Structure formats: C-alpha cells, structure tokens
Amino acid sequence: MSTTAQSVTTSQAPADRPARSDRAARSESELQQMAKDHLWMHFARQSVMTEGPGVPIIVKGEGHHIWDSQGKQYIDGLSGLFVVAAGHGRRRLAEVAAKQAEQLAFFPIWSYAHPAAIELADRLADYAPGDLNKVFFSTGGGEAVETAFKLAKYYWRIQGKPTKHKVISRSVAYHGTPQGALAITGIPAMKEMFEPVTPGGFRVPNTNFYRAADMGAPSADLEAFGVWAADRIEEMIQFEGPDTVAAVFLEPVQNSGGCFPPPPGYFQRVRQICDKYDVLLVSDEVICAFGRVGHMFACDAYGYVPDMITCAKAMTSGYSPIGATIVSDRIYEPFAHGDRAFYHGYTFGGHPVSAAVALENLDIFEEEGLNERVREYSPVFRSTLEKLNDLPIVGDVRGDGYFFGIELVKDKATKETFDDDESERLLRGFLSKGLFDAGLYCRADDRGDPVIQLAPPLTIGPKEFDEIEQILRSVLTEAWTRL
C-alpha cells in the first residue's frame, strides 16, 4: 500500500467535526454551513445560503407529510417534485431496493440484460396503449425526452427523409434541461443563457383557456378553443414544411404555466394532423404518467395513442431514479434486424435497483387502486380548491386528477396579471416562504403567469384537501393585503 493510501485510510476526522459515518450527530448549524460551503442547489438562487438564513433541510417523510431538520411537519403538496405518488416511508420499497442491491447492484443493459429491466419493460409495454411495445430506459425525464428527440431524427433519416429534424412544442412548456430537451422547452428565460441551443425547436400556443382571448383564440367555447389550438400545430407544420418536421412533443396536462388540461377533442385533432403530415406524436408524460391524472398513462385519459411516451418520476415514486421512452413497433422496426444500432444510452439506464423498485411500486398502485382513487376524488379536490375563487387574488383554478394550478391575478374582472417586480415580491418575497411556514410545501411559480401548483401524493383524500385549502386561503388572504 502506498504512503498516500495509508494516509487516507488512517486519517481521523477533525476533533471539532463528527466522523463521516456519524451523520445523525450533525447539528442544524453544521449542516447549514456545509451546504453554504459546498452544495449547489438545482433551479435555485444560491444567495439564500450565501447571503440569507440558509435552506430548509428535509430529513423525513411519512405518507403525505415531510419533516424538516428542526422537527416541523408539513403537508407535501407537490409529491416532492411530482414524484412521490405512493407516499413517503414505504418500507416495502426500501426492502426491495436492498434485496436487489444485495443480489445484483449494477449491470448495464448495453448488449446485456438483467431480470428487473426485462420484467419492467414487459410491464410498461403492457400498460401502454396501441403498439407501444418497446422500452428504452434512462435515469430521468430529461433523458427520456432527449432519447425521443434523437430517435425521431434518426428514424426519419433511416426512412430516407433526413430533412425531417424539427420538433414542435407549446409555449411555456418545460421538457427538460439537456441540450436537445432544452430546444423543445418553450420557456425563453431558461434558454437564453445557454444560447445557441440545439436548433430545430418551434413553438405553438398552449391550451390555457383562461388566457384564450390574449392569444386571439375563441374564448367562449372550450371545444372551439381546442380546435383552434390544435390547428396552430398544423399551421406551424405547413409553415416550416412537412418534409422538415420530425415530431410534436406535448404533455397531456402542461405543467409549466400552471396545469393546462387539454380541451375536449384536442388530442384527437392533433393525432389527425400528425398522421396527415407524417409527423411523430410524442406524449411527454414525465409528470402525468403513473396516476397523476388517474391512469398509468395519461394519453389513455384523453383518448389518443402517441408514437412515443416519455416517462419517469412516479414510476418508482421517487424511491430510486429511472426514466423510459416507450416507442411504437413502427419506430422500432428499422432496428429489429441486421447490424443497425441506436448509438445512444446511459450508464445507469434500467438500473437493477431502480427497475426492481419500479415493479414493486406498480404493484402498490394495483393493490391499493391508486389510479381509481384519483379518478374518484379528483372532482372533490377540484371543488375544494374552487372555494378559493371567492378571494380577489385568485383568477383561475384548473387542472385534472391530482394535478392543479391556481392562477393569481391583480384584477379578477380584467384578468390583469402582475408585472415582473410585483411577481417577484409576491412569489419569492412572500408566498413561497409564507406557504411553507404555514405547513404546506407546494410550488409558487411564474414561468408564465404567477401560479400556485399542487400535485400531492395519490394517497391523500378529502380531509387533506380541506387542510390544503385552509392553508392556501389564509396565506393568499394575507398576500392580498400586502400588495
């Protein structure tokens, strides 16, 4: 053994710091200092640690509650990040992970396979509609979208149509942060610092019916608005040229901007348009799959069959990371024979532990009827949140399943929204912290107009709906007095 190795293995922790294995002994101040010194949070202003009081540290979850390092309890109104569908603290998921790790902790699916990935692929194909029978694993949603983007371009190249490389998505839609997925994302502020981004992304209007008039769309008839929004996709395909468009990427319920559900008939019209111009339809279900709108795959809720589905998050309820792109037999066929390969993949894609956890999580979904539960209680959740419409700051309550957004306005009559400075003071200056301090973890967001988003674990019910509504009512009432 080298002298350097000896020094590493025999070194002791400083006297004023607990041993690395003694994490439970670390104090709040120690953790905050370590975070300030070394942790770079995602999608967050680091100034809350470097210049502010620090960051909330979450240490425990049980059911639909979480606890911070100071022992305070909160309702998890966002399932972590649209992830913990089956709820926190599921011992059986932890036990399955441990058992799989003992048996086979890791092996790639690069020219090899293992039982957990094989069985999970079979399970997902069984749930998926139509002929979506092939599953390409990744480790998260952005990677799943990246996979679909690359596969769409390659597929058309194989078909002798290499100019079909463009993709269409909706305004304000979020599809991920990898370079390809970022090109599909429709939020300019998230892209400008990384320009030039991957070329080929084009935007069409989203399905925010509350703002239909602002888009010059029909604002009195929801179905007419849906046709109008879908026809904008056809218009974009025609404008760019059908021989240049590879795919359309759409979330069943658009997350960013505040939970925009599809109008009746919208996806049927989109499917017709894609078929007419030979364009692939990708259903981005990273959030909406696995119960969020009461079905394993949300495309079933809205009656359409895409060419690809991207999914992740709730597949394991967050107990281990995984993602997948599920593709149709048509897209897979060129790769089924001969020496052609899809030169794309991820080291941890289809990870044995994650795949085993996903299978057990999906067992829980079936045994406890979580999809059925969401379909039963979603109308109650909606009606409970709609009580907030009597507040002057609440402009619209929208969404589906256990996935709702509350749009905040300055004037209900005119639907006037807040300017950037007002939104900054409202959301980051008060609401985010105010809701958390009141015991509700959710999202106050302005990647579009200011909204509060709710996506709680699928295990909650009317009692918890009432608790959430009461917290929202109290904090929103105070917010209005501060404007």
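Visitor: Before anything else, what should I know about how the values were made?
Guide: This is a predicted model, in which local features need pLDDT of at least 70 and side-chain atom pairs count only at pLDDT 80 or more, while totals for chains, interfaces and linings use all residues. Residues are numbered from 1 along each chain as its sequence is written, and side-chain values use heavy atoms, with hydrogens and water left out.

Visitor: OK, which residues touch the most other members in the largest nonpolar core?
Guide: Leu124, Phe290, Phe297, Leu431 and Leu472 do, in a core of 103 residues. A nonpolar core here is a set of buried Ala, Val, Leu, Ile, Met, Phe, Trp, Tyr and Cys residues joined through side-chain atoms within 4.5 Å, where buried means under 20% relative accessible area, exposed over 50% and partly exposed in between, using a 1.4 Å probe and protein chains only.

Visitor: And which helix gives the largest share of this core?
Guide: Helix α13, residues 352-368, with nine residues; helices (H or I, at least four residues) and strands (E, at least two) are DSSP runs, numbered from the N terminus. Apart from this core lies another, of 21 residues, among them Val145, Phe149, Ile331 and Phe335.

Visitor: Back to Leu431, what is it in contact with?
Guide: Leaving aside neighbours within four places in sequence, Leu431 is in contact with Leu408, Leu426, Ala444, Ile452, Val475, Leu476 and Ala479, contact meaning heavy atoms within 4.5 Å.

Visitor: Switching to strands, why is β7 described as largely enclosed?
Guide: Six of the six residues of β7 (residues 245-250) are buried, so the strand is largely enclosed by the rest of the structure.

Visitor: Which strands does β7 pair with?
Guide: Strand β5 (residues 166-170) runs parallel to β7 and is joined to it by three bridges, with Lys166 having Val245 as its bridge partner. Strand β8 (residues 280-284) also pairs with β7 in the parallel sense, over four bridges, and there Ala247 has Leu280 as its partner; two strands count as paired if DSSP finds at least two bridges between them.

Visitor: How does the chain cross from β7 to β8?
Guide: The path goes through helix α10 (residues 266-277), and this β-α-β crossover is right-handed, that is, with the strands pointing away from the viewer, the path from the first strand over the helix to the second runs clockwise.

Visitor: What comes beside β8, and which way do the side chains of β9 point?
Guide: β8 pairs with β9 (residues 308-311) in the parallel sense over three bridges, and Val282 stands opposite Met308. Within β9, Met308 and Thr310 point one way and Ile309 and Cys311 the other, and all are buried. In a regular strand the side chains alternate between the two faces of the sheet. On β10 (residues 323-328) the pairing with β9 is antiparallel, over four bridges, and Thr310 has Thr325 as its bridge partner.

Visitor: Cysteines next: how many disulfides does a search find?
Guide: Zero in the whole structure, a disulfide being a pair of cysteine sulfur atoms within 2.5 Å. For Cys274, the nearest cysteine sulfur is that of Cys299, 14 Å away, while for Cys299 the nearest is that of Cys311, 10 Å away. Cys274 counts as buried at 1% relative accessibility, and Cys299 is buried at 0%.

Visitor: Is His65 buried or exposed, and what does its side chain make a polar contact with?
Guide: His65, in strand β2 (residues 65-68), counts as buried at 16% relative accessibility. The His65 side chain makes a polar contact with that of Gln73 at 3.3 Å; such a contact is a pair of N or O atoms within 3.5 Å, where within protein one must be able to donate a hydrogen and the other to accept it, and residues adjacent in sequence count only if both atoms are side-chain atoms.

Visitor: Where is the cis peptide bond?
Guide: A cis peptide bond, with omega about 0 degrees, joins Glu195 and Pro196, and Pro196 is found in the loop between α8 (179-184) and β6 (201-204).

Visitor: Which phi value does Cys259 have?
Guide: Cys259 has a positive phi of about 60 degrees although it is not a glycine, and this residue is in the loop between β7 and α10. Most residues other than glycine have a negative phi, and most peptide bonds are trans.
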